[in-house]
Structures are given as structure tokens and as C-alpha cells.
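Look at the model below. The questions that follow ask how its helices and cores get their labels.

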Amino acid sequence: MSRVYNFSAGPAVLPVEVLQEAADEMLDYKGTGMSVMEMSHRSKAYQTIIDEAEADLRKLVGIPDNYKVLFLQGGASMQFAMVPMNFMKNRKAGYILTGQWAKKAFAEAKIYGEAVELASSADKTFSYIPDCSDLPITDDMDYVYICENNTIYGTKFWQLPDTKGKDLIADMSSCFLSEPIDVTKYAMIFAGAQKNVGPAGVTICIIREDLITDDVLPFTPTMLKYKIHADNGSMYNTPPAYGIYICGKVFKWLLKTGGLEAREKINRNKAKILYDYLDSSDFFKGTVEPSSRSLMNVPFIIGDDALEAKFIKEAKEAGFENLKGHRTVGGMRASIYNAMPTDGVKALVEFMKKFEAENK
């Protein structure tokens, strides 16, 4: 079996063990004589799959009983509209702009009410997390919104903003399950699964129950009401059934390998290997202020377009895939999610050292 080291930002690398299990069950899931991919979501077998997935996720994260877990479709981008439609009761909310996805959520919220920019790091190309200790939050704001880990720019909130008592809503798409989470600090967490959890097509939402009501903006479509999905156990319509099945396998893999505390140690070690090299190199340069660095997404540059193109090409030939930076930033980016083995990061650093020696 020939596997590359896949540094894609998403859809991203999945644990080999999970992929192998899914392959073994592809034609016959536990004696049903069919694949989960062709199974009715109304069947007893599938109900067990989604129930187990939720139970394992609750155990893994420590989700309190007063929070609902939803498995939805539409990607994290659908949440940019669902959040204001369901929660912008006063038609006013605060947004902290730390990158492309926070900007998109902010623009979407403006359709439904007054979205206020509370802080931004746009002045330095989103290379840091702004000071959020004393934000201009007003009493009439319904919530404060952040993108906790910025996939494109490689930054992470290591200290949550002081919301002055307002509900905090976080897009955790690219850091979800990479470290322990205190769910009680958030009114809502959501994450597209295709980075750290499973295949594209599933969005996981964790929402405090008191927020899930019929009191939504009057034009909210039925399919975009959280209450509809909560009342129907994520089964109001056909869910992304196969994707949820894979997510469930990833939850079991994480539980079996020590949970989120163990995973954070591994992730910190992987990131340290790469950042230590970038800090020691006078050829490759990291682009993020050290105090804001993500453990999941590491952007870096050489500062020469031709050399960067050469690096990406030669890296691909050497079995390092998807290292090209996002089109809005350029350079390179290594996404080192949960399923990226430490050996993959070590091998990348060795390749970078070799490339540096040959191209200085």
C-alpha cells in the first residue's frame, strides 16, 4: 500500500485504521448484507450508528446534558446564515475578524441584521489574534462570534474573548477535537467535519438547549431551523449518513488512543517540530506571530515565487501532497491535523532541510 503524506487543509487525512475498517465493512456492514452507503437512515442498524456516534462524541468532549448535538449538512458555510437566522433576536451581533471565514460569516450576518466588527487583524494580513480583553460590546448584542482556528492564515485563539456576558459562538472547523474543549464557555460550537473528524458533507453543531427555540427570524426556512433538527434527532431529512458513520469511527479511534488530552500532546509535539525548524531557518519563514500560532495549520514562505513553485513541485514528487498555500495568501501551508502522523511532520522537515541546502 502506497500512501502519501497528505497536508491538505480539507478534505484532509483520515486515520488509516478508520479507512481500513470502513473498507472491510464496505460490502457488508455487520451482517446486514449491505454497505452503510446504501442503508436506509430509518433502519435500526443506522439508528444505532448515529446514536453511538453522538454518545462517543459526548464522552470524548465531555458535552453537558443541556447541550444538543446535531449532525447537519451544508458545511460550516451554511452556519454563517443559520446562526443569525436563529439567534439574532435583537438583529445585532458582534464579530471578531481574524481571516477569510470570519469575514464571510460577518458578511452573511449583515443580511439579517446589524453585524458589528468588534476587532480585526486585517491590518497585518490576519497574522495574529487581536486583543479581545475589552471589546466594544453593547447590551443589545445577541452574541459574539469567532472563528477559533483560522485555516488559511494559521492563527488560533489561545485565550477566548471577554464577551461581557454575551453568548459566544465559535466556528471550530479546523481545530475541533485537536485538544480538550470546555463546552460550557460557548453557547454554540460548530465544525465542518472534513478537517479533523471525517469526510466532507457533515457539519457538527453543539448548541446549548435554551437557545434552540421557535423564536427565529420570520423568513427562516424550515430546513434552517435548529429546533427542527434537534426535535428530529438530526433526521428531519436524510442525513449525511455515510459521513456520520465515518465520524463515529474517528470518535472511537480518538477514545481508544487516549482521548483529547493525549491528542493535544501529540499535536503540540508535531507543531513544535515544524515551528522549531521554521524559527531556526533563514530560508523558510513562518508568517504568524508566535503567540497566535495554530497547531493545525502552519503557513510558511520562502519569499521567492519561483523557488516556492519549485518547492511545491519537488515536494509533491517526493510524496508530500497539498502543500500549496491558499490562493489568497500564496506560499506554502502544512495542515497537520489529528490523523497526520508525527513521522509525516519529521519527514517534511527533513525534506525542507534538504531543499534549503540545495537552493540557498
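**Packed helices and cores**

Helix α2 (residues 44–61) and α6 pack at an angle of about 40°, and their axes lie 9 Å apart. This is a predicted model: local features need pLDDT of at least 70, side-chain atom pairs count only at pLDDT 80 or more, and totals for chains, interfaces and linings use all residues. Residues are numbered from 1 along each chain as its sequence is written, and side-chain values use heavy atoms, leaving out hydrogens and water.

Q: Why are α2 and α6 called oblique to each other?
A: Angles under 35 degrees count as roughly parallel, over 145 as roughly antiparallel, 65 to 115 as roughly perpendicular and the rest as oblique. The angle here is about 40°. Therefore α2 and α6 are oblique.

Q: Which residues make the contact between α8 and α9?
A: Contact means heavy atoms within 4.5 Å. From α8 come L307, K310, F311, E314 and A315; from α9 come F351, M352, F355 and N359.

Q: What makes a set of residues a nonpolar core?
A: Its members are buried Ala, Val, Leu, Ile, Met, Phe, Trp, Tyr and Cys residues, joined through side-chain atoms within 4.5 Å. Buried means under 20% relative accessible area (1.4 Å probe, protein chains only). The largest such core has 90 residues, and F284 is among those touching the most other members. Helix α6 (residues 241–256) gives the most to this core, with 10 residues.

Technical notes: Buried means under 20% relative accessible area, exposed over 50%, partly exposed in between (1.4 Å probe, protein chains only). Helices (H or I, at least four residues) and strands (E, at least two) are DSSP runs, numbered from the N terminus. Axes are lines fitted to C-alpha atoms, for helices over the stretch in contact, and angles run from 0 to 180 degrees between N-to-C directions.
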